[in-house]
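Please look through the structure below, and then follow the questions and answers on two of its regions.

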Amino acid sequence: MTNEKLNALRSCMEKDGVSVYLITSTDFHASEYVGDYFKVSEYVSGCTSDNVTLLVEPDRARLWTDGRYFISAAAELKDSGIELMKMGEPGVPEVEAYLEERLQKDGVLAFDGRCVSVKKGLQYREIAARKGASVRGDKDYASLIWENRPPMPSHPVRILPEEIAGCSVREKVEPLRGAVRRAGANYLLLSKLDDLMDLLNIRGADITCNPVALSYGLIGTDSFDFFIQESEVTGEFRDYCKKLAVSLHPYEELRTFLTEKNFSGPVLLDPVCTGYALYELLRDRVPVVMKPNPTELPKAMRTPAQIERTKEYYLLDSAAVCRFIFWVKKHIGKIRITELSAAEKMDSLRREIPGYLDLSFPTISAWGPNAAMAHYAATEENQSEVKPEGFLLVDSGGQYLGATTDVTRTIAVGPLTPEMKRDFTLVAAGNLALLTARFRYGCTGRNLDTYARAPLWARGMDYNHGTGHGIGYILNVHEGPQSIRWKYIPELAEAVFEEGMVTSDEPGIYIEGKYGIRTESIVLCVKDMENEFGSFMRFEPLTWAPIDLDAIDTGYLSDADIRRLNDYHREVREKILPLLNEEEGAWLIEATREI
């Protein structure tokens with residue numbers, strides 16, 4: 001089937017004289033996860049990774065993805081005629097370097113400019129200009145070759161009560177207008193869905209597990225135009241917007257509106273989050289200021305009300321995780337457990353929590369060698385039985401009316417080799433070192449990443465993904481601007497860790513064909529102390545679930561590591577015991593015993 005789709009795509013390219021066609025895995029809003037309508041790269045290639053660039057040429061096709069997906073992508077692309085390009089690996093050129101090599105004089109690079117960011121589109125245009133080639137950002141070949149394409153997602157929007165949202169819309173919009181003016185613009189064109197949802201205190205359901213609605217916003221000094229599918233607008237939402245002086249427009253009329261609008265000054269847009277096609281439309285009509293969205297940082301800094309609700313739900317969510325670990329330990333080897341039945345058990349425990357809305361992402365349940373794939377996804381046709389040996393890795397999270405959660409625990413379900421215990425212990429030591437870190441105000445994730453990797457690096461080991469990502473508030477499980485990663489990437493913006501930011505702490509180790517280990521806890525950034533040396537920050541745990549002592553080899557732990565583990569487990573007992581029944585509580589006391 002993949003070859004047939006590639007042939008259909010190449011026929012379109014041949015008719016238009018296109019030499020290279022580029023496909024991304026995102027939507028019109030630079031979303032990480034997308035609705036089925038936008039899964040063009042998956043439709044063409046069969047690769048389910050959510051970070052893909054696919055380049056199709058008349059005689060070859062190559063797909064770039066990151067280290068989380070190397071193993072799964074290799075399996076999915078087998079016999080497809082598409083070559084896997086492992087991003088960041090030695091000898092693998094970046095997409096831009098490859099285009100520099102492949103584009104020829106008078107060649108044409110084409111793509112759907114709605115699904116390519118301004119930043120990338122301009123880079124591609126510069127490369128093409130150097131090679132004497134041209135760029136076409138108006139080629140939507142998916143609409144021509146995709147038979148029975150799923151419809152655009154559409155669900156009624158939900159208004160968050162102010163006590164849950166934690167801040168009024170007016171308290172957000174007026175400071176935003178000031179930030180836009182300071183950036184030298186009169187308008188902000190906002191495409192990023194989580195920023196729009198947060199700004200208006202609304203939520204949607206257009207992307208699985210991500211409570212967002214497809215929309216755009218144009219915020220002026222005294223105007224707010226909001227573009228959304230009419231099928232998503234309820235009477236309540238229409239009245240709500242009227243009270244806020246927000247003008248509603250159909251989603252599909254954005255381009256016409258921007259073409260006809262008489263702008264009174266420059267438009268600010270984020271080149272990372274805005275589609276190249278919109279930039280192409282605006283650049284000849286109005287001055288464009290390209291800077292990061294001024295909405296992202298305020299969104300990442302929780303208000304006191306949001307922090308209070310987040311802590312409440314993380315406690316309940318952690319209790320569900322503890323119940324799940326207990327269930328696995330009690331039943332492994334006694335009843336048949338598969339990866340999917342384990343995931344369903346975890347999901348069912350979350351559904352019992354009052355205020356539960358949805359999962360924050362499909363639960364990853366991976367046993368044995370499957371866990372070596374960082375984002376493995378079991379299916380009915382392709383899953384393993386969880387046997388009483390090795391590890392079961394479960395990465396999961398929920399959406400609640402007060403929090404978005406994310407947690408990974410790796411559970412020993414039977415005998416382990418010395419190497420397994422060593423690797424588990426090193427990962428746990430890294431997780432706890434970062435969890436308890438104290439650091440100067442002004443640090444970014446690159447300053448902090450080494451806390452988590454040091455135990456592995458000391459032995460010449462590593463993991464091929466970031467250590468931490470920001471987490472939204474009843475929004476996307478992956479949000480910025482903060483992140484924790486070691487590598488300096490010039491084009492990747494870094495953010496200082498601020499009070500109120502919620503971030504993951506998730507080192508791991510993945511041994512292909514054998515096992516995978518990840519320990520992920522979520523932390524809240526708080527002020528620690530201020531003295532003659534400056535201001536210091538620290539992390540406060542939000543996740544309270546035991547780290548499996550059955551997999552710990554104390555020979556790889558320092559005295560400080562042991563103290564951190566015992567201190568963390570003592571707090572787990574104190575916070576979670578009141579939420580468990582007698583049998584579960586007895587297990588937790590043993591699972592968090594001092595070592």
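Q: Which way do the residues of E1 point, and are they buried or exposed?
A: In this predicted model, Val20, Leu22 and Thr24 point one way from E1, whereas Tyr21 and Ile23 point the other way. In a regular strand the side chains alternate between the two faces of the sheet. Whichever way they point, all of these residues are buried.

Q: Why is strand E1 described as largely enclosed by the rest of the structure?
A: Strand E1 covers residues 20-24, and a residue counts as buried when its relative accessible area is under 20%. E1 is largely enclosed by the rest of the structure because the number of its residues that are buried is five of the five.

Q: Which residue is the bridge partner of Val20 in E5?
A: Strand E5 spans residues 108-111 and runs parallel to E1, to which three bridges join it. Within E5, the bridge partner of Val20 is Leu109.

Q: Which residue of E2 does Tyr21 stand opposite?
A: E1 is also joined by four bridges to strand E2, residues 53-56, and these two strands run antiparallel. In E2, the residue that stands opposite Tyr21 is Val56.

Q: Is Ser504 buried or exposed?
A: Ser504 lies in strand E24, which spans residues 502-505. Leaving aside neighbours within four places in sequence, its contacts include Thr467, His469, Ile484 and Ile522. Its relative accessible area is 0%, so Ser504 is buried.

Q: With which side chain does the side chain of Ser504 make a polar contact?
A: Ser504 belongs to strand E24. At 2.8 Å, its side chain makes a polar contact with the side chain of Glu506.

Definitions and conventions: Residues are numbered from 1 along each chain as its sequence is written. This is a predicted model: local features need pLDDT of at least 70, side-chain atom pairs count only at pLDDT 80 or more; totals for chains, interfaces and linings use all residues. Side-chain values use heavy atoms; hydrogens and water are left out. Buried means under 20% relative accessible area, exposed over 50%, partly exposed in between (1.4 Å probe, protein chains only). A polar contact is a pair of N or O atoms within 3.5 Å; within protein, one must be able to donate a hydrogen and the other to accept it, and residues adjacent in sequence count only if both atoms are side-chain atoms. Contact means heavy atoms within 4.5 Å. Two strands pair if DSSP finds at least two bridges between them.
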